Amino acid sequence: MEDFQKRILVTGGAGFIGSHVVRLLVNEYPHYLIVNFDRLTYAGNLENLRDVDQKDNYRFVKGDIVNAADVQAAFESYDITDVIHLAAESHVDRSIEGPMDFVMTNVVGTVNLLQHAKEKWNGEEGHIFHHVSTDEVYGSLGEEGLFREDTPYDPRSPYSASKASSDHFVSAYHHTYGLLVKMSNCSNNYGSHHFPEKLIPLMIHNILNNKPLPVYGKGENVRDWLWVEDHAKAIVAIFHKGRIGESYNVGGLNEWTNIELVRFLCQLMDRKLGRSVGESEKLISYVTDRKGHDLRYAIDATKLQNELGWTPSITFEEGLEKTVDWYLANNEWVDKVTSGTYQTYYTNMYENR
Ligand code: NAD
Ligand code: DAU
């Protein structure tokens, strides 16, 4: 283990974005040990990492970031040198139904990790705690303007309030205890392995199965979409080269109203499925709006581009086509992650050997 240059604890590595970060690190940094620490909630699936889980520099630990003993054991067993923290409850609609899980994982879990990192590294130089956060902490934009790193925090949903709180704790551990932290706040991601409760994978799944496409309110809310693999590259760049104590906004200058996006997806899928033009759009169904629905998010990523040279690698049209192709080729993935059969996979992989 001591042969590895870094031993990085990636929390939430079995989730959507976390699995892309783990894959990138395992494949491109064979001199790092990547320890995926995940509670495997409904959103965490080891299916997401089948292609890398046999590599020498990958380990999986089933654990809860809220549980001090779980976190302590992972830090000690693998002599962790750095943390990239993605584990969270991530779905806004669920936070509206039940905020407590969001407070526990996103706030208490983050503070528990910070405390263990502080105790483990004890002021020693060179250990990074990278906290992955969201643009939703900045609140909601009107027709104009972009979120910058100095935009005041104004979270409006239980989810964004919990993420804003966790961001403040990360800053507090830097300012109070000198923990070497970095932060990134990203816009909406899309891509493969996205749990089919979020807008894009849900719509793909429903179009494919001829089910209604539930568009909240009038569909006029705007989101700024980024391909998940570009987000993973940004996280890895910030982890290595970002300035200590700084936060970086990540986004692709790619704004769409929900209804424009759903229509575009319908047209793309009509083509892919050999349906006549306009057939899938007939499935669109306007439903009751989300409570407190933020109108518009849009990111100014100039700081990240100027300081670290990061830019999105593909256009939205290319990324969406790749995403649709992935879901069409991996239809059984949706069945597995929604049916619980991944538990059998987990038992076979990690408990019976
Ligand atoms: P996700 O819901 O797909 O995955 C979350 C992962 O965290 C899952 O694997 C889950 O099992 C794990 N987890 C949850 N609670 C845990 C706990 N108590 N202990 C250990 N593991 C736990 O989320 P995602 O969309 O991949 O988001 C990852 C991170 O990125 C989150 O912090 C989120 O706030 C942030 N983010 C997401 C987006 C987006 O568009 N999805 C955009 C910006 C930022
Ligand atoms: O901005 C970053 C955030 O993006 C992340 O921090 C969150 O973890 C992530 O879930 C995402 O939050 P959103 O609420 O923007 O994503 P969601 O996919 O849930 O919804 C996108 C938009 O689509 C939003 O305006 C609500 C709308 N919507 C969503 C669903 C699930 C619908 O109209 N119908 C739906 O069925």
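How many nonpolar, polar and charged residues does the shell around ligand 2 have? Nine nonpolar, eight polar and six charged. By class here, Ala, Val, Leu, Ile, Met, Phe, Trp, Tyr, Cys and Pro count as nonpolar, Asp, Glu, Lys and Arg as charged, and the others, Gly among them, as polar.

Some ground rules. This is a predicted model, where local features need pLDDT of at least 70, side-chain atom pairs count only at pLDDT 80 or more, and totals for chains, interfaces and linings use all residues. Residues are numbered from 1 along each chain as its sequence is written, chains are lettered from A and ligands numbered from 1 in the order in which they are written, and side-chain values use heavy atoms, with hydrogens and water left out.

Stay with ligand 2. It has 23 residues around it. A residue is near a molecule if one of its heavy atoms lies within 4 Å of it. The nearest are Thr134, Asp135, Tyr159, Arg290 and His293.

Now the polar contacts, meaning pairs of N or O atoms within 3.5 Å. The side chain of Tyr159 has an N or O atom 2.6 Å from an oxygen of ligand 2. For the side chain of Thr134, the distance to a ligand 2 oxygen is 2.7 Å. For the side chain of His293, again to an oxygen of ligand 2, it is 2.7 Å. On its own, ligand 2 has 690 Å² of accessible area (Shrake-Rupley method, 1.4 Å probe). The protein covers 94% of that.

Which elements give two or more residues to this shell? α6 (199–208) and β8 (213–216). Helices here are DSSP runs of H or I with at least four residues, and strands are runs of E with at least two, numbered from the N terminus. The largest share, three residues, comes from β8.

On to ligand 1. Here 28 residues surround the ligand. The closest are Ile17, Asp38, Ser90, Tyr159 and Lys163. The shell divides into 12 nonpolar, 12 polar and four charged residues.

Where are the polar contacts? Lys163 places a side-chain N or O atom 2.7 Å from an oxygen of ligand 1. Gly15 uses a polar backbone atom, 3.0 Å from a ligand oxygen. Thr41 also has a polar backbone atom 3.0 Å from an oxygen of ligand 1. Taken alone, ligand 1 exposes 830 Å², and the protein buries 96% of that.

The elements giving two or more residues are α1 (16–28), β5 (129–134), α5 (158–177) and β7 (188–190). β5 gives the most, with three residues.

Technical notes: Polar contact = N/O pair within 3.5 Å; in protein donor to acceptor, adjacent residues only side chain to side chain.
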